[in-house]
Amino acid sequence: LRILDQNWLADSAFMCGPEITIADYMGASYVTLADWVDFDFSPYPNVTRWLAAMRARPSWDATHGPWNELVAMIRDQRKQSA
């Protein structure tokens with residue numbers, strides 16, 4: 001994440017420059033696996049910004065809806081068992 005934050009995303013909106021590419025879609029899919037464990041991205045401000053931009057895309061909810069529901073269900077189960 002440090003390399004992604006400080007090298008790939010430090011001077012550009014997306015991984016390969018100012019325009020979104022397939023690298024952003026694929027990368028965001030991998031990085032957001034951290035949602036399973038409520039990972040704190042705050043030490044990586046460029047990654048946080050990039051993920052916010054990716055999640056704001058119109059297609060994000062349509063393609064990640066079932067995933068988001070599963071993550072929410074797991075979070076609820078953790079809260080109930082705590």
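Arg78 and Asp38 form a salt bridge, with 3.6 Å between the closest N and O atoms. This is a predicted model: local features need pLDDT of at least 70, side-chain atom pairs count only at pLDDT 80 or more, and totals for chains, interfaces and linings use all residues. Residues are numbered from 1 along each chain as its sequence is written, and side-chain values use heavy atoms, with hydrogens and water left out.

## Exercise 1

Find the salt bridges that share partners, and name the residues in their network.

**Solution.** 

Step 1. Apply the rule: a side-chain nitrogen of Lys or Arg lies within 4 Å of a carboxyl oxygen of Asp or Glu. The count comes to three salt bridges.

Step 2. Take Arg78 and Asp38. Their N and O atoms come to 3.6 Å at the closest. Arg78 is in helix H4, Asp38 is in the loop between H2 and H3, and 40 residues separate them. Helices (H or I, at least four residues) are DSSP runs, numbered from the N terminus.

Step 3. Take Asp38 and Arg75. Their side chains meet in a salt bridge of 2.5 Å, N to O. Arg75 is in helix H4 (residues 58–81), 37 residues from Asp38.

Step 4. Join the pairs. Asp38, Arg75 and Arg78 form one network through shared partners.

Step 5. Check exposure. Buried means under 20% relative accessible area, exposed over 50%, and partly exposed in between (1.4 Å probe, protein chains only). Asp38 counts as partly exposed because its relative accessibility is 42%. Arg75 is partly exposed at 32%. Arg78 is partly exposed too, at 35%.

## Exercise 2

**Solution.** 

Step 1. Recall the rule: most residues other than glycine have a negative phi.

Step 2. Read the angle. Asp38 is not a glycine, yet its phi is positive, about 55 degrees.

Step 3. Asp38 sits in the loop between helix H2 (22–31) and helix H3 (45–55).

## Exercise 3

Describe the salt bridge of Arg55 and Asp35.

**Solution.** 

Step 1. Read the distance. The closest N and O atoms are 2.9 Å apart.

Step 2. Locate the ends. Arg55 is in helix H3, Asp35 is in the loop between H2 and H3, and the two are 20 residues apart.

Step 3. Classify. Arg55 is partly exposed because its relative accessible area is 33%. Asp35 is buried because its relative accessibility is 13%.

## Exercise 4

Which geometry does the aromatic pair of Phe39 and Phe41 have?

**Solution.** 

Step 1. State the rule. Rings of Phe, Tyr and Trp (its six-membered ring) pair if their centres lie within 6.5 Å; planes under 30 degrees apart are stacked, over 60 edge-to-face, and the rest tilted. The count is one aromatic pair.

Step 2. Compare the values. Phe39 and Phe41 are 5.0 Å apart, centre to centre, with 70 degrees between the planes. The pair is edge-to-face.

Step 3. Classify each ring's residue. Phe39 is partly exposed, at 37%. Phe41 is buried, at 10%.

## Exercise 5

List the residues that Leu51 contacts, leaving aside neighbours within four places in sequence.

**Solution.** 

Step 1. Use the cut-off: contact means heavy atoms within 4.5 Å.

Step 2. Read off the partners. Leu51 is in contact with Ala28, Val31, Thr32 and Phe41.
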